[in-house]
Amino acid sequence: MIEYELSEEFDKKFKHQDIRLKKALLKTLNIFSRNPWNSQLDNHLLKRELTGLRSIHIIGYRSNDYCAIYKEILEKDGNIYAYFLIFGTHKELFQLSGVKN
């Protein structure tokens with residue numbers, strides 16, 4: 001089991017989404033907290049400008065076009081928790097990062 005925290009930006013954006021996306025995000029975070037390597041999440045490292053961050057797919061909303069980006073934080077006790085920075089469509093997130101897809 002892995003604990004996670006949502007950034008202020010993530011939380012603010014979440015509050016303004018339609019109910020279907022909110023439900024999909026909550027389902028995804030629930031699955032992630034139980035098993036971050038669940039194959040449905042397609043958990044993977046990011047490259048270039050996003051090196052050091054990871055991405056997971058938001059399950060059950062618009063054919064996995066949405067994803068969430070997070071950073072793994074190593075705590076003093078050796079445990080790792082996930083700090084979710086932002087979510088959006090692949091296109092939105094690539095534009096935000098300046099990466100051309």
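## Arg-48 and its loop

Arg-48 is located in the loop that joins β2 (44–45) to β3 (54–57); helices (H or I, at least four residues) and strands (E, at least two) are DSSP runs, numbered from the N terminus. The model is predicted: local features need pLDDT of at least 70, side-chain atom pairs count only at pLDDT 80 or more, and totals for chains, interfaces and linings use all residues. Residues are numbered from 1 along each chain as its sequence is written, and side-chain values use heavy atoms, with hydrogens and water left out.

Arg-48 counts as exposed because its relative accessibility is 57%; exposed means over 50% relative accessible area, buried under 20%, and partly exposed in between (1.4 Å probe, protein chains only). The phi of Arg-48 is near 55°, a positive value in a residue other than glycine. Between Arg-48 and Ile-31 the separation is 17 residues in sequence and 27 Å in space, C-alpha to C-alpha.

## Asp-42

A positive phi also occurs at Asp-42, where the value is about 50° although the residue is not a glycine. Asp-42 belongs to the loop between α2 (19–34) and β2. With a relative accessible area of 37%, Asp-42 is partly exposed.

## The sheet

Five strands make up an open sheet with mixed pairing, in the order β1-β5-β4-β3-β2; two strands pair if DSSP finds at least two bridges between them. β1 (4–6) and β2 are the edge strands, each with a single partner strand, so one side of each has no neighbour in the sheet.

Helix α1 (residues 8–15) packs on the sheet and touches β1, β4 and β5 (80–89), its direction making about 45° with that of β5. Helix α2 also packs on the sheet, touching β1, β3, β4 and β5, and its direction makes about 155° with that of β5. Contact here means heavy atoms within 4.5 Å. Axes are lines fitted to C-alpha atoms, for helices over the stretch in contact, and angles run from 0 to 180 degrees between N-to-C directions.

## Strand β3 and its partners

β3 pairs with β2 in the antiparallel sense over two bridges. Leu-45 has Arg-54 of β3 as its bridge partner, and His-44 stands opposite Ser-55 in β3. With strand β4 (residues 66–74), β3 pairs in the antiparallel sense over four bridges; the bridge partner of His-57 in β4 is Cys-67.

Both faces of β3 are covered: Arg-54 and Ile-56 are buried on one side, and Ser-55 and His-57 are buried on the other.
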